[in-house]
Amino acid sequence: MAKEDSFSSLKTIDKCQSTDRENNIIAVDMNGTLLTQQSPFPYFALVAYEIGGILRLLFLLLTYPLAKFFYHFVSESAGIRVIIFSTFVGMKISDIKWVAKAVLPKFYSADVHPDTWRVFSSCDKRCVLTTTPRIMVEPFLKEYLGANLVIGTEISSIKGFATGFVKKPGVLSGKNKAEALRHEFPNPTPNIGVGDSENDYLFMKICKESYKVDAKTKVEPLSCEKLPKVVIFHDGRIVQKLTPFMALLVIIWTPIGLILACLRILASITIPWSILTYVIWILGVRIKVKGNLFPFTKGQSGLLFVCSHRTVLDATFVAGVLHRRITTVSYSISRLSEIISPIKTTPLSRDRVKDAALIKKTLEEGDLIICPEGTTCREPFLLRFSALFADLSNELVPVAISVKMGMFYGTTARGSKWMDPFYFMMNPSPCYELNFLDKLPYELTRRGGKTSVEVANYVQRLIASTLSFKCTNLTRKDKYMALAGNDGVVENKKNN
């Protein structure tokens with residue numbers, strides 16, 4: 001096709017044909033092109049907060065006006081340099097890599113541009129060029145979007161710590177982008193080039209066809225379910241994308257939220273359980289309950305409440321709405337969480353024989369709450385249910401639990417687990433939804449001739465259908481290997 005002589009004269013990406021592109025090479029910009037989000041600030045803010053905490057986020061927010069001034073009145077490169085320095089200076093490279101792998105994919109995948117993705121995914125060889133440091137974006141682009149090559153700004157480091165500066169030739173913008181593309185594709189040149197600004201036009205001219213993404217045209221991001229890989233596991237504390245306004249809100253709310261969290265936790269320990277749910281409601285925690293609450297019957301074998309696992313507080317809320325202090329079991333829980341828990345938490349040893357004996361003994365004494373997934377999952381998926389519970393009781397009550405958190409996640413794989421209940425309670429108005437399903441008929445338990453695996457799988461499917469979640473065969477080990485690089489076994493709870 002004929003080459004246009006200016007960026008403004010280019011056709012928009014929605015006009016680009018995506019059929020018969022199997023042997024094509026495509027080169028695209030990232031922010032504002034492959035992603036609907038034009039400003040890189042929200043992603044840098046996530047790195048700043050997850051590694052450096054609230055003070056680093058505040059530092060980035062204070063320097064952001066300077067970065068915008070440089071971006072618009074000096075150069076794109078100068079503005080990006082300010083953001084990179086404010087975010088990365090003094091950080092461990094290993095920590096940056098962790099955020100890029102475990103935190104950012106959740107947010108990037110929610111911002112994929114549908115038209116750019118349609119064309120990008122139709123080509124066999126996919127190259128992304130970006131001003132953002134390559135260390136931040138490469139895991140997402142390669143693992144979730146199938147990019148073959150990622151060319152981005154390279155940050156400098158000394159002894160494993162980022163200096164805040166960038167390596168030569170500097171920020172990958174304008175001429176640097178064009179030269180990097182020529183170096184990687186001297187012949188043949190890419191078939192398609194896509195960008196969203198005049199700075200991108202320098203590399204787009206190298207390509208045989210060029211298309212622009214119109215920054216003024218607002219589009220809805222692509223549904224995450226249409227990506228080649230869906231994000232199931234992710235880490236970090238922040239729920240929403242950190243725009244400058246949201247970042248300011250997090251900074252202002254954190255000290256208020258911490259005080260509120262302490263009050264809520266103190267109430268759960270000291271207030272009589274007969275009125276606890278009402279007091280918690282006054283303090284802003286919403287609890288929605290459905291189903292039969294199964295009053296305690298003295299002299300009978302205890303009920304086993306089989307729950308989906310969303311936070312460390314699941315068992316506390318189940319016991320709270322039942323108005324009795326029911327024991328729960330857990331594979332790992334921080335010492336502080338155990339101390340402040342208003343119910344008894346019995347640790348499991350991962351020895352099947354010992355754990356079975358412990359659960360049987362607890363059931364003889366009364367009811368028991370168990371989460372057979374063994375760990376939490378934030379997304380609408382259920383992990384594989386351990387079948388151990390099905391061997392130990394026929395008095396099974398499935399409980400479908402879902403949780404809504406508006407600002408902070410109350411779970412972590414790599415962070416400080418002792419802070420989990422505090423982060424959950426720091427949310428302005430967190431919500432627990434508990435649906436007590438009917439007690440499982442005996443014919444669907446081991447007593448009715450079913451195997452323990454059949455019972456576990458049935459309960460998993462039942463809870464998933466109630467919550468409109470999807471069942472998976474993933475386990476605790478899969479989650480921790482993906483997010484923390486270990487199998488999730490905690491040898492010493494005091495270090496947790």
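Trainee: Is S468 buried or exposed in this predicted model?
Mentor: Good place to start. S468 sits in the loop between helix 16 (452-467) and strand 17 (470-471). Residues over 50% relative accessible area count as exposed. S468 has 64% relative accessibility, so this serine counts as exposed.

Trainee: What is the phi of S468?
Mentor: Most residues other than glycine have a negative phi. S468 has a positive value although it is a residue other than glycine, and its phi is near 60 degrees.

Trainee: Which loop holds D20, a residue with a positive phi that is not a glycine?
Mentor: Phi of D20 is about 55 degrees. D20 is also exposed, with a relative accessible area of 63%. Its place is the loop between strand 1 (11-12) and strand 2 (25-29).

Trainee: Which residue is joined to P169 by a cis peptide bond?
Mentor: Most peptide bonds are trans. P169 is in the loop between strand 6 (161-166) and helix 7 (175-184). The cis bond there has an omega of about 5 degrees, and the partner of P169 is K168.

Trainee: Are helix 1 and helix 2 roughly parallel or roughly antiparallel?
Mentor: Helix 1 (residues 41-73) and helix 2 (residues 76-88) pack with their axes 7 Å apart, at an angle of about 155 degrees. Angles over 145 degrees count as roughly antiparallel. Therefore helix 1 is, relative to helix 2, roughly antiparallel.

Trainee: How many nonpolar residues are in the contact of helix 1 with helix 2?
Mentor: Helix 1 brings residues including F44, F59 and F70, while helix 2 brings residues including V82, I83 and F88. The residues of this contact also include four polar and two charged ones, and the nonpolar count is 15.

Trainee: Which element gives the largest share of the largest nonpolar core?
Mentor: That core has 117 residues, and F88, L141 and F305 touch the most other members. The largest share, 13 residues, comes from helix 1.

Trainee: How many residues are in the other core, which lies apart from it?
Mentor: F305, in the largest core, touches I370, among others. I370 is one of the residues of the other core, along with V306, L388 and V459, and that core has 27 residues.

Methods
Residues are numbered from 1 along each chain as its sequence is written. This is a predicted model: local features need pLDDT of at least 70, side-chain atom pairs count only at pLDDT 80 or more; totals for chains, interfaces and linings use all residues. Side-chain values use heavy atoms; hydrogens and water are left out. Helices (H or I, at least four residues) and strands (E, at least two) are DSSP runs, numbered from the N terminus. Buried means under 20% relative accessible area, exposed over 50%, partly exposed in between (1.4 Å probe, protein chains only). Axes are lines fitted to C-alpha atoms, for helices over the stretch in contact, and angles run from 0 to 180 degrees between N-to-C directions. Angles under 35 degrees count as roughly parallel, over 145 as roughly antiparallel, 65 to 115 as roughly perpendicular and the rest as oblique. Contact means heavy atoms within 4.5 Å. Ala, Val, Leu, Ile, Met, Phe, Trp, Tyr, Cys and Pro count as nonpolar, Asp, Glu, Lys and Arg as charged, and the others, Gly among them, as polar. A nonpolar core is a set of buried Ala, Val, Leu, Ile, Met, Phe, Trp, Tyr and Cys residues joined through side-chain atoms within 4.5 Å. Lists of a residue's contacts leave out its neighbours within four places in sequence.
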